[in-house]
Amino acid sequence: MNGHLWAMVRVELMLLARSPAVLLSAVVLPFAVLLLLMLFIGFSFPTLEFGAMPGVRVIDRLLAEMAGTVAASVGITVLATHVADLRGRGTLRLLGRVPSGAGRYVAAHAVAAGLLVAGSVALFTGVTFLLYGPPRSWHPLGMAGAALAVTYCAFSTGLLLGGLRMPPAGARVAATLCFVLLFAGSGLGVPREGWKGVAPWFYEITTYNPLAQLNDFVFHASLGRLSETWPAVAGLVVAAAVVNVVTRRVFDWDGRP
């Protein structure tokens, strides 16, 4: 990483650190979901055996679920809001006229988003390991690689939404609505297998939800296995690459006049 790019990454991280959205998405969200589930289901539920896989605890499944969810929240909500705000103030106008500047800007945001997701997942993992102990089987590199795929898909979506020619408030609403729909349709933080016996109709919805497919991919990767959802994940990664091409053509660097 050259000096100019690293300098831009540090600036973006400092700007993002001041945003309440980052605190909510990267720190509060996973712990809030865990606390709400314990309040509604019971404080002993994290240590219960995950019914779909003997030897796997509910907290092990939830850890992967939150890794994917945080990646989606940071990549879509935080990034889209941040980019739209900068664009609306005209801050990106000069970068858009310099090809190398535009490329560095996008790369800096990608690295910053990845670091935020990594920090959030590391924090949540450390706390859950401290409280409940590590899983019997855990493959951190596999989980990290799968979470990176989720981050890429979410980053591509957030960059597109943040760069569209619309007011920052519109981008903020669009990004928030996009994440809320994905989160709700993925099971509201509850591992989607938990809905199979309670609400089969809702479980069917999760089979078509992109975030649910990505989270399942992260979970199986954390166990060193390949999820059955890998074709859907591969399709989403290809779709994200197409979105990148579209973003390059429609990104509004000029912002407001």
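This is a predicted model: local features need pLDDT of at least 70, side-chain atom pairs count only at pLDDT 80 or more; totals for chains, interfaces and linings use all residues.
The crossing of α6 past α10 is left-handed.

On the α6 side, the contact is made by Ala149, Tyr152, Cys153, Ser156, Leu159, Leu160 and Gly163. These meet Leu236, Val237, Ala240, Ala241, Val243, Asn244, Val246, Thr247 and Val250 of α10. By class, the residues of the contact comprise 12 nonpolar and four polar. No charged residue takes part in the contact of α6 with α10.

Aromatic contacts were examined next. A pair of aromatic rings is described by the distance of the centres and the angle of the planes. Five aromatic pairs occur in the structure. In one of them, the ring centres of Phe129 and Trp138 are 5.0 Å apart. Their planes stand at 75°, so this pair is edge-to-face; planes over 60 degrees apart fall in that class. Phe129 is partly exposed, at 23% relative accessibility. Trp138 is also partly exposed, at 32%.

The rings of Trp201 and Phe202 form another edge-to-face pair, because their planes lie at 75°. The centres of these rings are 5.6 Å apart. Trp201 is exposed, with a relative accessible area of 59%. Phe202 counts as buried, at 11% relative accessibility. Trp201 and Phe202 also belong to a cluster with Trp195, linked through ring pairs.

Note on methods. Residues are numbered from 1 along each chain as its sequence is written. Side-chain values use heavy atoms; hydrogens and water are left out. Rings of Phe, Tyr and Trp (its six-membered ring) pair if their centres lie within 6.5 Å; planes under 30 degrees apart count as stacked, over 60 as edge-to-face and the rest as tilted. Buried means under 20% relative accessible area, exposed over 50%, partly exposed in between (1.4 Å probe, protein chains only). A crossing is left-handed if the near helix is turned anticlockwise from the far one by less than a right angle, and right-handed if clockwise. Helices (H or I, at least four residues) and strands (E, at least two) are DSSP runs, numbered from the N terminus. Contact means heavy atoms within 4.5 Å. Ala, Val, Leu, Ile, Met, Phe, Trp, Tyr, Cys and Pro count as nonpolar, Asp, Glu, Lys and Arg as charged, and the others, Gly among them, as polar.
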